[in-house]
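Me: Hi! Could you help me look through the aromatic rings in this one?
Reply: Happy to, please show me the structure.

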Amino acid sequence: MHILLTRPLEDSKELIIKFKSLGHNISHLPVIKIENKKYYQENFSEFKGIIFTSSNAIKNLDTKKINKKIKCYCVGSATDKVAKINGFQNIYTADGNVNNLKEIILQTFKKDEGKLLYVSGEIVSYNLEQELKLEGYSVKRLINYSVLPVEDLDLKFIETLKSSMPEIVFIYSENSAKNFLNLIKKYQLVDHWMNTNLMCIGEKTSSILNKIKWKKIFIFNPGEEEYLLYKI
């Protein structure tokens, strides 16, 4: 099966290795790139909980001075994995949905426990900071990275892709969906996906690409990629 992955290479390596070991043909077309942002070094001891809605938030954070026993809230399994690699021990994980993550925080973190630190990228699709403040929580947001669009593709790659369109393409965020759409418009690939299955994280992400004619659209959570192959 021909599979197209669209995350940056660092985030795609494991899936590329896994899918190739299963005998699949993998194409890699990153549609976004991550850029570090300088941030004010907080006094982490002031916070009793820390929230990550992306693994990139952890990767771009200097965690040395953070107590690894702090309550750590992760949006999904990929973020959970990076948190564990960085030594966090007291982790609460949602299923890839920020709304569900908010509910977990409400259930497991009392308002009088102290301040929450929310580490994220510059652009978020759900204003978790504001939502938690409306519930009476003390929340500080720390922005430590930006997501930038990939604007140009290798023309040889485009020609190769046209000659053998993938059966599956994975899209992981609203930003990725928007940038993917811009790229396929730019390189005149809009009408080439009728035999391709679109795999999206969340309905908001899939809605951005609804105007493209796909074979079928699936909604999934991170960690379910291999399972989805058996649904095709």
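Me: How many aromatic pairs does the structure hold?
Reply: There are 10 aromatic pairs; rings of Phe, Tyr and Trp (its six-membered ring) pair if their centres lie within 6.5 Å. This is a predicted model, where local features need pLDDT of at least 70, side-chain atom pairs count only at pLDDT 80 or more, and totals for chains, interfaces and linings use all residues. Residues are numbered from 1 along each chain as its sequence is written, and side-chain values use heavy atoms, with hydrogens and water left out.

Me: How are the rings of Phe19 and Phe170 arranged?
Reply: Their planes are at 25 degrees and their centres 6.1 Å apart, so the pair is stacked (planes under 30 degrees apart count as stacked, over 60 as edge-to-face and the rest as tilted).

Me: And where in the chain are Phe19 and Phe170?
Reply: Phe19 is in helix α1 (residues 9-21) and Phe170 in strand β9 (residues 168-171), 151 residues apart. Helices (H or I, at least four residues) and strands (E, at least two) are DSSP runs, numbered from the N terminus.

Me: Is Phe170 buried or exposed?
Reply: Phe170 is buried, at 0% relative accessibility; buried means under 20% relative accessible area, exposed over 50%, partly exposed in between (1.4 Å probe, protein chains only).

Me: What about Phe170 with Phe220?
Reply: That pair is edge-to-face, because the planes are at 80 degrees, with the centres 5.4 Å apart. Phe220 is buried too, at 1% relative accessibility.

Me: Switching topic, what lies over the face of Tyr172?
Reply: Arg7 does, at 4.3 Å from the ring centre. The rule is NZ of Lys or CZ of Arg within 6 Å of the ring centre and within 35 degrees of the ring normal.
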